[in-house]
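Biologist: I want to learn to read a model of this kind. Where do we start?

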Amino acid sequence: MILENLEKLKEDFVKNLLLVKNQSDLNHFYNNFLSRKSQINQVIGELKKFTVDERKKIYEIRSFMQQKFNGKVAEIKNEELKKKIAEDKIDISLPANNFSILGVNPLYLIEEEIINIFLGLGFSVCESNDIDSDHYNFELMNIPKNHVARDMQDTFYLDHELLLCTHTSHMQAHVMEESKGQPIRIISPGKCFRRDEDDLTHSHQFMQIEGLLIDKNINLGHLKKMLEFFIKKIFGDNRKIRIRNSYFPFTEPSIEVDVSCDKCGSNGCTNCKNDGYIEILGAGIVNPKVLIMNGYDPKKYSGFAFGVGIERIAILKYGIDDIRRFYVNDIRFLSEFKKI
Amino acid sequence: MLISINWLKEFIIGFETISLEEIKSKLIFNGIEIKNIYQLCNATNLIVGKIIKCVNVPGTHLNVCQINLGDEIGVKQIICGAANVRDNLKVIVALPGAKIINKTIQSSVIRNLESYGMCCGLSEICSVKIDDEDKIYELDDKYQIGEKNIIKLLGFDDTILDVKLLANRADLLSVYNLAIEFSSLFNCQLKPLVINEYQGDKNVDFKILNKSTKCSFFCVRVFKKIIVNESPDNLKKYLISMGVKPINNVVDICNYVMLLTGQPLHVYDYDKLPKKELIVEENYEADFVALNQKKYQIKKEDLVVTSGDNIMCLAGIIGGLNSACDQKTTNIVIEAGIFDNTKIRHSTIRLNLNNESSNRFIHGVGKQQKKAIELATFLIKKYCNFDFVSKIITTNEEKQVVKKIILNVNEINNILGTKFELKTIISILEKNFTISNIDDFNINVLVPEHRADIDNINDLAEEIIRFSDFSQINNEFPLIKLKPGFLNIKQQKELEIKKYLRNYLYEISTYVLVDKKNVNYFNYLNSDEPYKLVNPMSDDHLYVRKNLSSSLLNVVSYNIARQNKNFGVFEISNINSKNYAKKNFLAIALTGDQRIQGDLIKYPYSFFSLKGFFNGIIDILNIDINKFTFKEVDTDNIELHPNKSAFIYFDDKIIGYLGELHPNIYHCFNIKNSNVLIMEIDLSFLFEIKNNEFKFLPFSNFPSVKRDLSLIVDNNLKIEKIINLVKNSGGFLVKDVSVFDLYKNENFSDKKSIAISIILLKNNATLKDEEIKSVMEKIKSALTKENIIIRD
């Protein structure tokens, strides 16, 4: 008779389980069917009343119920989780937290790129100062008082001796003085000043990097190789390089180095004034007069020097339309330059 | 400089076969910058006409001209407004359809009068910057009426190169020296410049004297009974090509010789000189009316040529109107000299008198004065005639110094990185230099007088590679001792700081030169007098800045005005003042909000943002932060907000400042409706501070205990003091104290409520309850002693 009741219980169990929809239903259902006081557990409490077969049957039913219940528990838990996940949905298109990289004035990017290239070639860095004496800026660079080159570099003077440096070349004299006749390999980044009206292509303040190498048996070929290596690193391997004769008082022979215009592929356009090439730096073999003036014996040592205009490189590399932008520092401009 | 190709052709055999492209590429390679290449005259449909009758239109400057244009066209009416239009004048007529400079000529009606084309002035048909004063070009009577090829006959079929020469090649400011250079460059033969020498009459009533050390040579020649007239076309054409205005035959000859040889000459009317003398001297102060009819104030430092104590000429620059040659002149004195280039440069710049003559003296002229006078003599004989010519009167003897350089073939190859043989070098150099052999490796090179740029073996190396090409040069890295290249400690630190700050701020670059207003702000770190420019371009860039803050605030202002209101910028830069050389300062400016997540979550920049950056920098430099003290600024500070700013001290030295701008200073930088914060620190000083040795510190693995306290304290009590009180009273078990809540106390206006948490930790054991209790009691009693109320 009890066994019959159990069959009924099982039916009831299945029927009621279907009605369980959430955690509270589940608790209620557990109390009814699987708690200690539930019918099935009471039967199990009086197990010795039953035959072996009946016991077996009771356990079967009990195990069936437990299994079904466990299944339901998992199901409900899963439902609840699904619901929570659904509620947690975010809009992935909302803005990111501000960890993105900000902009840097491109002058610094170019400066650091050039420094890195020359560090790799065994050069050290010696920053140029903004102010120096006429003696270092001109005299020791073989530009005496009556020299025409003083016209080319119209100078801001602070008094009869001090001036704002017109180039970074004055660092050559300083480094030679400090190196006392020993080999030199330095680059010198710094600010330069000339009495130019500021316009699209001129700025009274600009940045240069000077390079100086003095050692035994240095020739123009070494300079050519070094500059080609440098320019290709900056502008890419596909750019062509043109070397021209030039004149600087502190180098002899002097050369000017041009890079092919990328807008027209060196066919000539307005960008390169129909030349196909754009001037990017001046260089040369250190004038023996400069070596002697700065305490080096030209019979023992020779060297080369070069000066690169940072603005010019940045203008060419990034296609910047106005040199004044470097000094206005519009956030919209800076935001465009994140990484080399 | 303008170069006439036609003139060069007169001296270079076969130059006409060289294409413009080839000329262009060779010149570029040789460092001669080509600014422009153009035809002197591109005009079409021009014809020679003769004005038969010229009648003025009453009340106007216009004239109705009947012009005979030859058999083919006949007589036509042309309206002409030129000042020099008159009967029987032969002129160049642009026929209807003619293309001249900037326009096409059409038959037109002017004031109801028909005009068949136009009578042309020089600047209307030629690309020259010569002021022809509204005059039409007057033709020599020899040209046939109806001649259509007049441009070629006048020699205006010229090509002009507008070039910029290298600064060391002043000798190329001479057509003949250019011809020498070009003949070598293009491998053409050069025609010699034949100069006849006139002995001249020794008996001449004329004296010269050189009283200045700034004139190294001076000579004159006197000519008598010459005829001053208009120059012939074959003289005028080259002057026009080179942009020099023809005046009269005597003046034109002087200019012609200058263009050809590079030696400026000056001509005086002999009869207008007060005394028969010319003296070169300085120390004159007077007004001087020059040939251009303008008045100039001559100062003591100007070099002048005088006669009878009157200034006749501003030496090397411009002559005086008082001794100018005109149509009535019959006797003349021609002068040639060498004047100091610096002197001429200074006078030229001061008086704004840059011209062909001063330009040549500024760049330096060679020793060719007698040669130039002889050449002028030949031309004066030819075109002006003379009855009497004197000897050349000189102040001193011209000494020709020939430079000799010994060239060793290995030395050249060592400079250039080439493998030239001596014979190749000789073949290159012998075009411009006199060579004599010494042995298989050495030669003597004699440098011609005009090549002042050649002094030593390196100059010759340049000359060789210039006439060869750069592909001859090897292309390899030097074989030198290996040497590591690296940034020194300071440079590394600076780069680290930059990279750190770039994560949060824009790195900017601003001008070093500032105006008077900006140089006076924020001088807390540097009280020196600023450097002031002796020769500024404008008041905007007058002083060398002593700090960066003003520059940054101007950038902030600029961007706020352009609707960028939430950002921060920084700059690291040199600072220079009289006692403060080569210092590096760092400045940071912040405005608006720090954006955490776009504009959704943001937080206003504050004093504490700057304090955070300072801590970050100190972390990078690995300096103990406790070595710095922050001190409030004075209550009467006018640039920084007195209650939201601080000075940073290291010992007794102020090394930085940070804080919000004073409300009254915003308008000085044109900043409206924004909060702005500024920080500036002496970075060089921080670099000098000895940093901590970096070693690992072991930490306790036992659990820590956290205890919170709620306190009510006086408004003026600094949090820092409370934290120190807790640390000192709690002893070594107190590992950390932090503030986690802070608000104004609602019950007492002079009190604030704070909540702190205290972390207790023992290095070698788990803390026992009684230990915790004992520490907390000590802390509480210490706080209570300081009148701090502890809430339960």
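Modeller: With contacts: heavy atoms within 4.5 Å. In chain B, among contacts between residues at least 6 apart in sequence, 69% join residues at least 24 apart. This is a predicted model, where local features need pLDDT of at least 70, side-chain atom pairs count only at pLDDT 80 or more, and totals for chains, interfaces and linings use all residues. Residues are numbered from 1 along each chain as its sequence is written, chains are lettered from A in the order in which they are written, and side-chain values use heavy atoms, without hydrogens and water.

Biologist: Is chain B spread out or compact?

Modeller: Compare the radius of gyration, over C-alpha atoms, with the globule rule: 2.2 Å times the number of residues to the power 0.38. Chain B has 42 Å, well over the 28 Å that the rule gives for 792 residues, so it is more spread out than a compact globule. Its C-alpha atoms fill a box of roughly 130 × 85 × 55 Å along the principal axes.

Biologist: How is the size of an interface given?

Modeller: Often as the accessible area lost when the parts come together. Here we use a 1.4 Å probe and sum over both parts. Chain B and chain A bury about 7,400 Å², with 55% from carbon and sulfur atoms. Tyr506(B), Tyr511(B) and Met537(B) supply 10% of the area that chain B buries against chain A, more than any other three residues. The contact takes 81 residues from chain B and 90 from chain A.

Biologist: How many salt bridges cross the interface?

Modeller: The rule asks for a side-chain nitrogen of Lys or Arg within 4 Å of a carboxyl oxygen of Asp or Glu. It finds two between chain B and chain A. One salt bridge joins Asp455(B) and Lys289(A), at 2.9 Å from N to O.

Terms used
Buried area = accessible area lost by both parts, 1.4 Å probe.
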